[in-house]
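Subject: Structure handover

Hi,

Here is the structure I said I would pass on.

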Amino acid sequence: MSGREQQATMGNDVLVLTWKYFSAREEIARFLEERGCRFVEKEIRYPVDEEQLCELVRDVDGLVVGLEPITARVLAHANRLKVISTSGVGFDNIDVAEATRRGIVVANCHGANEHSVAELAFGLMLELARGIHRSDRLMREGRWEPYFGVELWGKTLGVVGLGRAGRAVALLGRGFGMRVLAHDIVWDTTFANAHEISYVPLEKLLRESDFVSLHVPLTPDTRYLIDERALSLMKPTAFLINLARGPVVKQSALVEALRRGQIAGAGLDVFEVEPIRDNPFVEFENVVMTPHLGASTEEARERTLYLALTNVCNVLNGRPPHHQVNTDVRIGN
């Protein structure tokens, strides 16, 4: 029996890199086995760097990733790789052009976590508006210090990127009685008209919003979308919320804006470099931070696990994934 025939008999090997599925190893193995694939367990040291990835991707047919950097160099070591699925929506950590050149399908879990992202965005807004954590901390210290915050009701919410997550945020905003402005390169006028959402240029959104919530993918056009000039347009009473990608906001510009009091505060779930080191935001009481938790709910975890594994298994069995990023790559060749 040839090596190729032996591999076909044994099934395709799938490596799951993302840490958030570790507790589901038996479930993953069973899911893959039922679909003619095999769960490969390798020793993974976190955080995973490019050097380690070059070794991990050898002799693997399918790959499920989180935020690990799947660069051209890593792909050059992937001698059998046919499909990569993210365990979320974003795929800026993957060199999609190189994967496409090599005929590797890239898929994501489109539509699996928008409610989790939207709820965290509003959690950050409420925290910034009412100082909940600050007050809790003072109470635990035995201090009774009333804090006067602001209401969300009647305020203007600016949503930058009205995709699935952005739409979910906009609907929560309407539920809170907020005026909602939106900016996107593609207009969904049916949705906007149905929910009284106004599409506006970015400058108008920044000038008029009391809360600016970012939900765009990281692309060359959105890198540093929020820079010194953009921050200078915001109200001094406005808050910035980022659950998109860290480099959508120019970190040095945001730090300077906070020091100068150009804006009222920020809620940050993502950072230019993750995990963040020498964190410049710890000096600000008006900044609330979470460690990239937008999709970290049990419900989103279950949905993304199922979709990521389905993406990989479908492609390895000659079928289309749930959502393919690089549609130029044909499946089943």
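First, the ground rules. This is a predicted model, where local features need pLDDT of at least 70 and side-chain atom pairs count only at pLDDT 80 or more, while totals for chains, interfaces and linings use all residues. Residues are numbered from 1 along each chain as its sequence is written, and side-chain values use heavy atoms, with hydrogens and water left out.

Let's start with the five-stranded sheet. Its strands (DSSP runs of E, at least two residues, numbered from the N terminus) form an open, parallel sheet in the order β2-β1-β3-β4-β5. Strands count as paired if DSSP finds at least two bridges between them. At the edges sit β2 (37-40) and β5 (105-107), each pairing on one side only. Neighbouring strands here are turned by 20° against each other on average, direction ignored; the axes behind such angles are lines fitted to C-alpha atoms.

Strand β1 (residues 12-16) is joined to β2 by four bridges, and Val14 stands opposite Phe39 in β2. Helix α2 (residues 25-34) lies across β1 and β2, at about 155° to β2. Helices are DSSP runs of H or I, at least four residues, contact means heavy atoms within 4.5 Å, and helix angles run from 0 to 180 degrees between N-to-C directions, with the helix axis fitted over the stretch in contact. Helix α13 (residues 298-316) lies across β1, β2, β3 (62-65), β4 (83-86) and β5, running at about 165° to β4.

Next, the seven-stranded sheet. It is open and parallel too, in the order β8-β7-β6-β9-β10-β11-β12. Its edge strands are β8 (197-199) and β12 (287-289), and the twist averages 15° from one strand to the next. Four bridges link β6 (residues 156-160) with β9 (residues 211-214), and Val159 has Ser213 as its bridge partner in β9. Helix α8 (residues 164-175) packs on this sheet, touching β6, β7 (179-183), β8 and β9, and makes about 175° with β6. Helix α12 (residues 251-260) lies across β10 (239-242), β11 (265-268) and β12, at about 145° to β11.

Among the lining residues are Asn242, Gln251 and Leu268.

Cheers

How values were computed. 1 Å grid on protein atoms, 1.4 Å probe; cavity = no way out; pocket = protein on both sides within 12 Å on 5 of 7 lines; lining within 4 Å.
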